[in-house]
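Let's take a walk through this protein together, starting with its rings and moving on to its cores and strands. Have the structure open as you read.

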Amino acid sequence: MHFRLMDRDSWGRCLARPAVWAALFLGLTASPLARGADTIRLKLATLVPTGSSYHKSLLVLRESWRKLSNGSVDLVIYADGKLGSEADTVGLMKLNSIQASMITVAGLSEIEKSVGSLQNIPMGFRDFSEVDYVGEKLQPMLEEILDQKGFRVLFWSDAGWVHFFAKKAVVRPDDLKKLKLFCWAGNPEQVAIYKSSGMDAVPLETADIVPGLQTGLIDATPAPPVFALKAQIDSRAGHMLQLNWAPLVGACVVRKETWEKIPAALREKLQQAAIDIGREIKSNGRKEMVESIAEMEKRGLKVTKVTPELEAEWRAVAEAAYPQIRGRIVPTEMFDRALELIREYRKSKSAPAQ
């Protein structure tokens with residue numbers, strides 16, 4: 001263990017989490033070399049459900065790594081959030097109880113807030129081409145920052161757009177303000193911003209969304225359609241506003257110290273296999289987003305389309321929160337750079353062909 005990775009406050013927060021104690025008592029702190037001097041065992045935690053396309057892609061990666069390394073690299077996958085929330089898994093990586101995790105920006109921000117520039121700018125991105133353009137420009141820089149924090153990015157990906165699901169039809173921002181809205185408990189600053197925007201934000205863990213809807217603790221939640229379908233959110237919140245609020249971006253990261261135990265030539269092959277899987281996950285995720293909405297409509301989900309006028313109304317509300325997001329949720333430099341790149345892309349698309 002390398003205690004220098006965590007200050008006293010971080011240790012306190014991490015050890016206060018039940019999942020961390022569970023991992024410690026289960027013996028997950030064993031060395032990555034536990035299976036033999038020539039075998040490197042990487043334990044990877046994720047919230048993705050067993051049997052989902054995301055999980056299947058990770059299983060393909062596991063087999064690919066096994067073949068490329070002749071069995072010397074063993075990837076063990078803990079799906080379904082078995083080891084706790086994304087914040088928990090980041091804490092476990094810092095403790096070296098696990099060595100890798102596939103997490104969203106919410107979890108990555110526990111390591112470095114700059115990654116929020118890829119997601120935490122509501123209504124900042126209009127389509128996937130803008131998401132991809134900004135990602136291509138910022139991800140290399142973010143990888144360097146994460147590397148300095150002790151983590152190697154294996155691949156980036158996303159799961160499509162986050163939409164609002166609610167028990168009642170939500171058309172305008174004022175409709176959402178009348179409902180109790182889920183907000184991730186791991187980010188008190190985000191909760192404060194929602195509340196300052198007039199939203200009745202209720203901070204909970206992701207695993208509490210469905211129980212919260214069942215009990216009336218919350219009435220609405222932002223969620224990617226793929227997750228909503230798997231968790232059957234639509235059966236408890238039967239209305240969806242088809243508004244591209246933000247992309248759900250994530251990455252698969254591994255402890256740098258563990259990664260560098262693998263011979264350099266083999267690391268390059270494993271990295272490329274991971275990048276290929278990341279592309280597959282992104283492609284499948286975006287396709288399944290559309291398919292998930294269609295499937296939920298068959299089950300009775302009522303979808304509200306957004307007109308240009310309504311989109312402008314939502315954008316005004318989102319942009320009014322930018323001064324609070326800038327510098328608090330997303331570091332100022334990265335927030336400004338993301339918006340600059342979006343403007344740059346739009347200008348290039350509107351320019352006449354030469």
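How many aromatic pairs are there? The count comes to 7 aromatic pairs in this model, which is a predicted one. Two of these pairs are worth a visit.

In one of them, the ring centres of tryptophan 65 and tryptophan 259 are 5.8 Å apart with their planes at 40°, so the pair is tilted. Tryptophan 65 belongs to helix H3 (residues 53–68) and tryptophan 259 to helix H11 (residues 256–259), and the pair links distant parts of the chain, 194 residues apart. Tryptophan 65 counts as buried, at 1% relative accessibility, and tryptophan 259 is buried too, at 4%.

Tyrosine 133 and tyrosine 345 also make a tilted pair, with 5.1 Å from centre to centre and 45° between the planes. Because tyrosine 133 lies in helix H6 (residues 128–148) and tyrosine 345 in helix H15 (residues 332–350), this pair ties together parts that are 212 residues apart in sequence.

| Residue | Relative accessible area |
|---|---|
| Tryptophan 65 | 1%, buried |
| Tryptophan 259 | 4%, buried |
| Tyrosine 133 | 18%, buried |
| Tyrosine 345 | 13%, buried |

Why do both tyrosines count as buried? Buried means under 20% relative accessible area, so tyrosine 133, at 18%, qualifies, and so does tyrosine 345, at 13%.

Phe164, Trp245 and Trp314 come together as one aromatic cluster. Elsewhere, a charge meets a ring: the charged end of arginine 286 sits over phenylalanine 128, 4.1 Å from the centre of its ring.

Now for the chain as a whole. The protein chain has 15 helices and 9 strands, and 53% of its 354 residues are buried. Among contacts between residues at least 6 apart in sequence, 75% join residues at least 24 apart.

Next, look inside. The largest nonpolar core holds 44 residues, and the members that touch the most others are Val134, Leu138, Trp156, Val253 and Ile325. Among the elements that give two or more residues to this core are strand E2 (73–78), helix H4 (86–94), strand E4 (151–166), strand E8 (239–255) and helix H14 (322–325), together with H6 and H15. Which residues does valine 134 contact, leaving aside its neighbours within four places in sequence? They are Leu118, Phe125, Ala338, Leu341 and Ile342. Another core, of 29 residues, lies apart from the largest one, and its members include Met102, Phe155, Val226 and Ala273.

E4 runs antiparallel to E8, and 12 bridges join the two; one example is arginine 152, whose bridge partner in E8 is valine 254. E4 is also joined to strand E7 (residues 220–223), again antiparallel, by 4 bridges. There, phenylalanine 164 has proline 222 of E7 as its bridge partner. Phe164 is also a member of the aromatic cluster with Trp245 and Trp314.

Conventions
Residues numbered from 1 in each chain as written. Predicted model: local features only at pLDDT ≥ 70, side-chain atom pairs only at ≥ 80, totals over all residues. Heavy atoms only, no water. Buried < 20%, exposed > 50% of the residue type's maximum accessible area, 1.4 Å probe, protein only. Contact = heavy atoms within 4.5 Å. Phe/Tyr/Trp six-rings, centres within 6.5 Å; stacked < 30°, edge-to-face > 60°. Lys NZ or Arg CZ within 6 Å of the ring centre and 35° of its normal. Core = buried A, V, L, I, M, F, W, Y, C linked by side-chain atoms within 4.5 Å. Pairing = 2+ DSSP bridges.
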